[in-house]
Amino acid sequence: MYGKGLRPLSIATVVAIAAAFSFVFFYAPLDADQGFIQKIFYLHVPLAIVALVGFVVGGVFAILHLRSSDRRWDAYSYVSIHMSVIFGVAVLITGSIWAKASWGHWWVWDEPTLVSFLIVFLMYATYYPFRYAIEDPERQARYASVFAVTAGAFVPLNFIAVRMAQSLVHPRVFATTNGGLPGSMMLTFLVCLTAVALLWLTLVKFELTAKSTSGQIKRLRRALDAPAPGSASRIAPEVS
Amino acid sequence: MDLLPLAGAPALPLDEAGKYVAGAYIVFVLLLVVYVAIMAAKLQRMERELRELAGFAENRANDEAAAPEREEVSA
């Protein structure tokens, strides 16, 4: 069910990533201030935006789960958060590399943008132990959904707070004053954002398909393992 | 901390900046490759489980087909 449309989506993602990288290295002009190092922007910022939006999307799916008690929404919520955490790792690493090249430091602790993203990331890192500490599947799904809604609401609040804070060194690229990106850079950025968003969507679908298939195998195992009257189970225990 | 002067520092020369840019993009690709490798391992496990279940289902079907024949012989 989840695998429907995965192939065209995967092809679109590969094409979009190839186009994005081509735009970054062959079309976008060099930044007058930062030079070649600014090329990290086209990877780092789309990853950050998609990761944060993914966390919010996970919260929206969690609301749908709490409203309907349909476990499908819980699976969507879990996979959205899972994928956004992976993207978050990429954001932190690429951001640190950019910081080292631009500012001479791998990390700047009094910069609100960096620290707030780290807080959001660490908050979602606790989602896994929180979720898997609960054994009962129903309770696990319900509590995880409450967590996802609360944390998902925190993300935009955090974003607004950071925008209002005075930044020390982190640039405000999409500022409402003092101009913004020039057209060619903005186009490149939008292509990159589309590519990263497609990648997130493809991997979410991929993960959901894998989880669904694994669940179907477990169901099949249980059905086949049901012993005939008077006989014992004949299948080896499932590998977890 | 004396960070504001760093924010206005001149751009790195291409040979030095190139290493950082390559590093960032390689990290991205590496993460993708690691993810695909983990998914491949999961897929292999699922394939093994399915093969095992298919074998069991076939054995059970064979046993059930053989059972009426044995009953007829004993009767």
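Biologist: What pattern does chain A follow along the sequence?

Modeller: Chain A reads α-α-α-α-α-α-α: seven helices and zero strands. Helices (H or I, at least four residues) and strands (E, at least two) are DSSP runs, numbered from the N terminus. Mind that this is a predicted model, where local features need pLDDT of at least 70, side-chain atom pairs count only at pLDDT 80 or more, and totals for chains, interfaces and linings use all residues. Residues are numbered from 1 along each chain as its sequence is written, while chains are lettered from A and ligands numbered from 1 in the order in which they are written.

Biologist: How many of the residues in chain A are buried, as a percentage?

Modeller: Count C-beta atoms, placed from the backbone: a residue with 20 or more others within 10 Å of its own is buried, with 12 or fewer exposed, and in between partly exposed. Here 36% of the 240 residues in chain A are buried. Leu66(A), in helix α2 (residues 41-68), counts as partly exposed because it has 18 C-beta neighbours inside 10 Å.

Biologist: And which residues of α4(A) are buried?

Modeller: Thr113(A), Leu114(A), Phe117(A), Val120(A) and Tyr124(A). They sit on the same side of α4(A), because they cover an arc of only 130 degrees around the axis; that arc is taken from the directions from the helix axis to the C-beta atoms. On the other side of α4(A), Ile119(A) and Leu122(A) are exposed.

Biologist: What covers the buried residues of α4(A)?

Modeller: Go by contacts, meaning C-beta atoms, placed from the backbone, within 7 Å. The cover includes α2, α3 (71-103), α5 (127-132) and α6 (137-164) of chain A.

Biologist: Now, how do I describe two packed helices?

Modeller: Use the angle between their axes and the distance between the axes. Axes are lines fitted to C-alpha atoms, for helices over the stretch in contact, with angles from 0 to 180 degrees between N-to-C directions. For α3(A) and helix α7 (residues 183-225), the axes come within 9 Å and cross at roughly 130 degrees.

Biologist: Which orientation class do α3(A) and α7(A) get?

Modeller: Under 35 degrees is roughly parallel, over 145 roughly antiparallel, 65 to 115 roughly perpendicular and the rest oblique. So α3(A) and α7(A) are oblique to each other. Among the residues that meet there are Ala75(A), Val79(A) and Phe87(A) in α3(A), and Trp200(A), Leu203(A) and Lys211(A) in α7(A).

Notes: Two residues are in contact if their C-beta atoms, placed from the backbone, lie within 7 Å.
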